[in-house]
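Please find below a colleague's note, arranged as numbered points. Kindly read each point with the sequence and the model side by side.

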Amino acid sequence: MTADLTDGAAAAAAAPDPDEAQRAIEYCYEQGWSDGLPLVPASKPLVDAFLATTDKDPGEIIGSLEQVGRDVTVYLAAVNAAMAGCKPEYFPVVLAAFEALMRERAARGGGFQSTSGPAPLIVVNGPVRKELGFNTAGGAFGPGFRPNMTIPRAIGLIVRNAFGIHPHVLEQATQGVPGRWSICIAENEEESPWEPFAENGGVGGGVSAVSATLTRTMEFVDNRHTPDHEDVLRDFQDTIGRIGSLIFPQTSVALVLCPEHAQMFAAAGMSKADVQNWLIERCGRTGREFRLAGKGNVPRKPDGTFAGEDEVHRILSGPRQIPVIVAGAKNAAISMVVRIFGEWSGTAVPVVEKK
Amino acid sequence: MPNAILDPTGSVKSKAAAAAAPRAPRPASLRGKRVGLLINTKQNARPFLEEVGRLLEDKYGVTVTKRTKVNFAVPEPDEVIKEMAAENDVIVTGVGDCGSCSAAAAADGVVFEAAGVPVAAIITDSFKPTADAMAELRGAPGYKYATTAHPVAVLTEDQVKERAAQVLDDVVALLTDPAGAASREAGA
């Protein structure tokens, strides 16, 4: 009995002071730094630990938004990553994710200010997935895993704090996207029948790398009772061709395939490129279908080309318009069609740790 | 001494707001002036601005030239600003009807003003907060622009003309300063 009391008192003495922590958290809210959730108050020793994971100079500018005249330095990225709840060792992944995102024309343009309120879709490949404890299996879109949740949040805080783009002010999302600043997939390379996604972005050889694009939302394709892979592809074709999301003659979608669908296509002898090409050749709607939805001008290309009322206007122009990623558990044939905002840069960024 | 909580904003002033942006002096009237239309490519922006231009021709005998924005989402490049400022006495730009393009319309306005050219930027009323924020960021808090009701993109041709006519007085008021111009002349 006495021993129990003593142990309890010792534990209380060793534990952090919750009242102090709460004051620090509230302080961060009062400064307007938070995305709505509590922030980890960043101190110099914590941020120094982040900066120690990279050879980059803290003052190096890693992103600029010309229209708001603001720059992001390595130091500011580190403060925001710390506040987002990242561990210091995640920082090279944050830097790679930010670089990958800033390669997107839409991100450098008005993406973060846009009424469409797009969310970054971040994809991690390579050994860093296991080293840092990313979720590579079920529940790929989260939540539940610290690196998957905090790394995209760090990007969101950088946009808010370092670029100064706040909701209702310079950020004008009409409704925004569920999961904005929280989508970070670690590809299920172990159960994918194909090359890792980073290889499609030019980083092969098992090097850890991050790819990123912006998405306007996603829709599931649940097809788990069909033995014929072409039937399943037709199901994807239907979802990809939804007129509601089409505003230009061409569009881009990412296919986030569950292992079961990916393995089904591979078992039918299809490479990733075969799946892409099958869909590129077929996805689209007729001119009439566009017109009846009030979008008769959408399939008219800038040069005036219009295939006609009865022709199918193809909406995907090449493999860069339909990146394919494998993620999730091998427990049901459920995949996701992710609508890309703008166009994926087609590149991956290696994760560079301190030498 | 406890550690300080670090500031994630960098506490830096935007480079865009390095100096308080001046507002260009206004002419007393638009009579015979050169009006540049900077069309941002959004749906109905072209017919809207063209109708504003046509009404100004009718009413004030202005000459109108048109230019399309390079990228509606961001401010115009310096060389475009320079060229348009050299070729026009006043500029009308718009129609800002989205998050980035309304901010860009305000930013273009502030930059042209600094180059000595009065601007009437037209945005839809939904985007006042973002236009105001961008103007402040660019060193021109309270920068004045004209508004029209949101949305513009769905309007018919006739409705666009009606809107252009409705906003015309505001555009003229933004571009001219009869009293100020008179006193400048009196002082000169």
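1. Lys42(B) is buried, with a relative accessible area of 18%. Buried means under 20% relative accessible area, exposed means over 50%, and partly exposed lies in between, with a 1.4 Å probe and protein chains only. The residue is placed in the loop between strand 1 (34-39) and helix 1 (45-60) of chain B. Helices (H or I, at least four residues) and strands (E, at least two) are DSSP runs, numbered from the N terminus.

2. On the basis of the note: this is a predicted model, in which local features need pLDDT of at least 70 and side-chain atom pairs count only at pLDDT 80 or more, while totals for chains, interfaces and linings use all residues. Residues are numbered from 1 along each chain as its sequence is written, chains are lettered from A and ligands numbered from 1 in the order in which they are written, and side-chain values use heavy atoms, with hydrogens and water left out.

3. Which residues does Lys42(B) contact, leaving aside its neighbours within four places in sequence? They are Phe72(B), Val95(B), Asp97(B), Cys98(B) and Cys101(B), where contact means heavy atoms within 4.5 Å. Val95(B) belongs to strand 3 (residues 90-96) of chain B. The peptide bond that leads from Gly94(B) to Val95(B) is cis, and its omega is near 0°.

4. The loop between strand 1 and helix 1 of chain B also holds Thr41(B) and Asn44(B). Thr41(B) has a phi near 75°, a positive value in a residue other than glycine. Asn44(B) likewise has a positive phi near 75° and is not glycine.

5. Chain B as a whole contains six helices and five strands. Read from the N terminus, its elements follow the order β-α-β-α-β-α-β-α-β-α-α. Its radius of gyration is 18 Å, close to the 16 Å that the globule rule gives for 188 residues, so chain B is as compact as a globular protein of that length. The radius is taken over C-alpha atoms, and the rule is 2.2 Å times the number of residues to the power 0.38. The C-alpha trace spans about 70 × 50 × 30 Å along its principal axes.

6. Of the 188 residues in chain B, 51% are buried. Where contacts of chain B join residues at least 6 apart in sequence, 82% of them link residues at least 24 apart. The accessible surface of chain B is about 8,500 Å², and 52% of this belongs to carbon and sulfur atoms; such areas come from the Shrake-Rupley method with a 1.4 Å probe, and for residues only the protein chains shown count as cover.

7. Chain B carries 21 positive and 24 negative charges, whose mean positions are 3 Å apart. Lys and Arg count as positive and Asp and Glu as negative, while His and the chain ends are not counted. Each charge is placed at NZ of Lys, CZ of Arg, CG of Asp or CD of Glu. In chain A there are 32 positive and 42 negative side chains, and the centres of the two sets lie 6 Å apart.

8. Chain A has 13 helices and eleven strands. For its 355 residues a compact globule would have a radius of gyration near 20 Å, and the 22 Å of chain A agrees with this. Its C-alpha trace spans about 80 × 45 × 40 Å along the principal axes. Buried residues account for 52% of the 355. Chain A exposes about 15,200 Å², with carbon and sulfur atoms supplying 54% of it.

9. Which residues of helix 11 (residues 259-267) of chain A are buried? They are Pro259(A), His261(A), Ala262(A) and Phe265(A). These residues cover an arc of only 165° around the axis, which puts them on the same side of helix 11; the arc is that of the directions from the helix axis to the C-beta atoms. Their packing partners in chain A include helix 10 (229-240), helix 12 (272-282) and strand 10 (334-340). Gly269(A), whose phi is positive and near 90°, follows helix 11.

10. A cis peptide bond is also present in chain A, between Gly142(A) and Pro143(A), with omega about -5°. Pro143(A) is located in the loop between helix 7 (128-131) and helix 8 (146-162) of chain A.
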